[in-house]
Amino acid sequence: MTFALSEETQRLLEERLRAGPYRSADELFRAALEALEALEGGALDDATLDALDRAENQIERGEVEEWGTVRAKVLGKFLGK
């Protein structure tokens, strides 16, 4: 199968091949299509599903904080506020 790419798409492809871990255009396209499939399918990976399960269990045990408290902690940790 042959594809005609615009100059901009060709440039982006070449940049990604130079900068990324992909050894060929085929490898890059495969990764892009797999990512697109995951996004469109709404698929969640095992790590994300596990994190959601852990969060749900924490909520059931009453281990929760108000959003304002969590926000303040995040701002303090990452922005020094």
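This is a predicted model: local features need pLDDT of at least 70, side-chain atom pairs count only at pLDDT 80 or more; totals for chains, interfaces and linings use all residues.
Accessible areas here come from the Shrake-Rupley method with a 1.4 Å probe, and for residues only the protein chains shown count as cover. With that noted, I looked up the accessible surface of the protein: about 7,400 Å², with 55% of it belonging to carbon and sulfur atoms.

Residues are numbered from 1 along each chain as its sequence is written, and side-chain values use heavy atoms, with hydrogens and water left out.

Next, the fold. I found 4 helices and 0 strands (DSSP runs numbered from the N terminus: helices are H or I with at least four residues, strands E with at least two). The radius of gyration is 21 Å, well over the 12 Å that the globule rule gives for 81 residues, so the protein is more spread out than a compact globule (taken over C-alpha atoms; the rule is 2.2 Å times the number of residues to the power 0.38). I also noted that the C-alpha trace spans about 55 × 30 × 20 Å along its principal axes.

Then burial. Of the 81 residues, 2% count as buried (under 20% relative accessible area; exposed is over 50%, partly exposed in between, with a 1.4 Å probe and protein chains only).

Last, I picked D50. D50 sits in helix α3, residues 46-60, and counts as partly exposed because its relative accessibility is 42%.
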